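Dear colleague,

Please find below the structure I am handing over to you. My findings follow directly after it.

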Amino acid sequence: MEAEKIVLPNGSSASLAANHTLTDTKDAQVKMVPVPAPATNVIVFLIGGAGDKKRFLGSGPNGNIAPLQGELQNFSLHALKPEQRPNFSVEYKGYYEAFEDTRIAENFISVIPSKRSIIYLIGHSLGGWNGAHLSRILTDKGYNVKMLITLDPVGQNWILERSSKIYDDEPSPKAKQWINVYARPSSRNFTDVVAWAGSKWEITSGPQVNISIDTNHAEAPQLMFRRPESGAASAYELLTKDIIEEFSR
C-alpha cells in the first residue's frame, strides 16, 4: 500500500507510514504497556532545639542534632534489592522553621516531593515540641508521617512559649508511630538545668515506645538516639528497621 501524503502548513509534504508494524489493523484489543512506578521518596527531618542551628540567648549554634544528618545519610539500604530502594534524604532544620504555616511551607512542604513520600520526624528539645505539632499539621494536610521521634522534648514554660517561636498549646502528635526518649541524668549539667527551666514536656500517654536513659539533655541527639534502654532497641535501630521493613514487602 502506498504511503499517504499530507501537506503541511508551510507547503512541504510528509508521508504517513502505510504499514502497522506493532499491531494488526484488525486487532482492537487494548494493549497494556508496563510503566515503571516512580521511586518512593523517604525524607528524614532533623529538628534541632534552642541554640542548635542558630544562636539562642547568647548560646550556639551548637549543632547538637547536626551529626545525625551524616550518620543517617550513610545508613545502608543494601539489605534491600536495588529495585526496592527508595530515594533517601535527610534535612536539617531548626525548631523555629517548624513554626506556623509560612515557615512550614517554605522549610518542609517545599522539599517534600509528593504526598506519596514517607516522612520521619526527629526533634530534640524545642524541636521535639514543634516537631510533635508538625506531625499533626502534615498529617492533616494529607502527608504520610510514618514516625515521630521526640528526644527530651521541652516547651511547657509559658514565658518561653511567648518569647520563642514555639506553639503555646501542648502538642497532639499524629504519626503512625511515636517514639519518645527522655534524659534522666544521674548527674546534671548546665544543659539539664536549662531544659528544666524551659519545662520538659512530661508525656503521660501517646508514644508506642517511651525510653528513659541516664544521659544529659545536650547529648540527646547522639547518645539518646543511639543508646538502647536496658537491652531494648534504640530509637536509631527502630527507625532504620522500620525503613527496611517498609520496603521489603
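The accessible surface of the protein chain is about 13,400 Å², with 52% of it belonging to carbon and sulfur atoms (Shrake-Rupley method, 1.4 Å probe). This is a predicted model, in which local features need pLDDT of at least 70 and side-chain atom pairs count only at pLDDT 80 or more, while totals for chains, interfaces and linings use all residues. Residues are numbered from 1 along each chain as its sequence is written, and side-chain values use heavy atoms, with hydrogens and water left out.

Of the 249 residues, 43% count as buried (under 20% relative accessible area, 1.4 Å probe, protein chains only). The chain holds seven helices and eight strands (DSSP runs, numbered from the N terminus: H or I of at least four residues, and E of at least two).

The largest nonpolar core comprises 31 residues, and Ile122, Ile149, Phe225 and Leu239 have the most contacts inside it. Such a core is a set of buried Ala, Val, Leu, Ile, Met, Phe, Trp, Tyr and Cys residues joined through side-chain atoms within 4.5 Å. Helix α7 (residues 235-247) supplies the largest share of this core, six residues. Apart from it lies another core of 29 residues, including Tyr95 and Val154. Leaving aside residues up to four places away in sequence, Ile149 touches Leu121, Ile122, Gly123, Ile179, Phe225, Ala235 and Leu239 (contact: heavy atoms within 4.5 Å).

Helix α3 is mostly covered, with 11 of its 15 residues buried; among them are Trp129, His133 and Leu138. Just after α3, Gly142 adopts a positive phi of about 95 degrees.

Yours sincerely

Note on methods. Buried < 20%, exposed > 50% of the residue type's maximum accessible area, 1.4 Å probe, protein only.
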